[in-house]
Amino acid sequence: MAPTPAPGRRTRIHVVSDVHGNARDLARAGDGADALVCLGDLILFLDYADHSRGIFPDLFGVDNAHRLVELRTARRFAEARELGARLWAGVDGDRAAVIERAVRGQYAELFAAFPTPTYATYGNVDMPPLWPEYAREGTTVLDGERVEIAGRVFGFVGGGLRSPMRTPYEIGDEEYAAKIEAVGEVDVLCTHIPPDVPELVYDTVARRFERGSRALLDAIRRTRPRYALFGHVHQPLARRMRIGATECVNVGHFARTGRPWALEW
C-alpha cells in the first residue's frame, strides 16, 4: 500500500536504477525512506568496470569478458556477437536455460532485498516473465501504469528500445510510445531509459550514445511533470538537466555507488 504520512510530516522516497547485482546495498536502500522506487536492470550480465563480475565471466572467464567489452566499446557489434556465438557453442545445454538459471539465482537474492513498499519497473537487461515469481508482497511492479504515493502521481515505463546490444527487454519505438501515452500526465515520470537528449544518452566510459526515447522527450515537454527520473546510462555527460518545467535526473549509478537518490516533499 502506498504510504500516507501523518499531517505535517514530509515524505521521502529513495530511487535507484541499474542495480546490476548489488544486493548488499539494495537491502539498505530504503533506510530512512517511506518507499523505494527501482527503475530496473537488476541483473548483472557483465560489469564494464570490473570484468570479473557477472554471468558472462562466470561462464567464460575474465579474458573473454575483457575482449567482449573491447569489441562493444569499439562498436564492433558483429564481432562481439561472433565471439559470443563461439563461446556458447562450447557450453553444454541450452543457452536460454543456462542464462535463466543464472538470472533466477540473482533475482532470488535481489527481490528478497527489496524493502516494503517498493515500486519497480523493468530495465532493458531484465527478464519480465520471471518477475511474478519473485516479487513478494510489498513489491508493486508497474509498466505503462501509474500509482499515487503520498499525494503525488508516479508513472512507470520499463524496458529499453531496440539496439545493437540486443538485450532481453528491448521493444519497438511505437510500443514504447504507447506505454508513455498510457501513463499520461503525472507528477513524477519514472522510466528506465532517458529522454533522447545527447547530454543524457552519451556514456562517457563506454564511449557511445545509448538509446533514449523521443516519445519520452515529447511527453516531458507536453505534460510537464515535476520530475523525470531514469537510469540506463551509467556515466552520462550530464546527470541532471531541466527540460522546460521538468527536472530530469539520472539515478543510474546504484551498482557503483550503492547510494539511492532521494526525493522529498
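This is a predicted model: local features need pLDDT of at least 70, side-chain atom pairs count only at pLDDT 80 or more; totals for chains, interfaces and linings use all residues.
Visitor: Hi! How many residues does helix α4 have, and what does it span?
Guide: Hello! Helix α4 covers residues 77-89, which is 13 residues. From its first C-alpha to its last it reaches 18 Å, close to the 18 Å expected at 1.5 Å a residue.

Visitor: Which residues of α4 are buried?
Guide: Those are Phe77, Ala80, Leu83, Gly84, Leu87 and Trp88. Looking down the axis of α4, you find these buried residues within an arc of 130°, so they line one face of the helix.

Visitor: And what's on the other side of α4?
Guide: There, Arg86 and Ala89 are exposed.

Visitor: Switching to strands: how many residues of β6 are buried?
Guide: Six of the six, in residues 152-157, so β6 is largely enclosed by the rest of the structure. Arg152, Phe154 and Phe156 are buried on one side, and Val153, Gly155 and Val157 are buried on the other.

Visitor: Which way does β5 run against β6, parallel or antiparallel?
Guide: Antiparallel, with five bridges joining β5 (residues 145-149) to β6. Isoleucine 149 sits opposite arginine 152 of β6.

Visitor: What's in the turn of that hairpin?
Guide: Two residues lie between β5 and β6, and alanine 150 in the turn has a positive phi of about 50°.

Visitor: And how does β9 run with β6, parallel or antiparallel?
Guide: Parallel: four bridges join β6 to β9 (residues 188-191). Valine 157 has threonine 191 in β9 as its bridge partner.

Definitions and conventions: Residues are numbered from 1 along each chain as its sequence is written. Side-chain values use heavy atoms; hydrogens and water are left out. The expected span of a helix is 1.5 Å times one less than its number of residues. Buried means under 20% relative accessible area, exposed over 50%, partly exposed in between (1.4 Å probe, protein chains only). The arc is that of the directions from the helix axis to the C-beta atoms. Two strands pair if DSSP finds at least two bridges between them.
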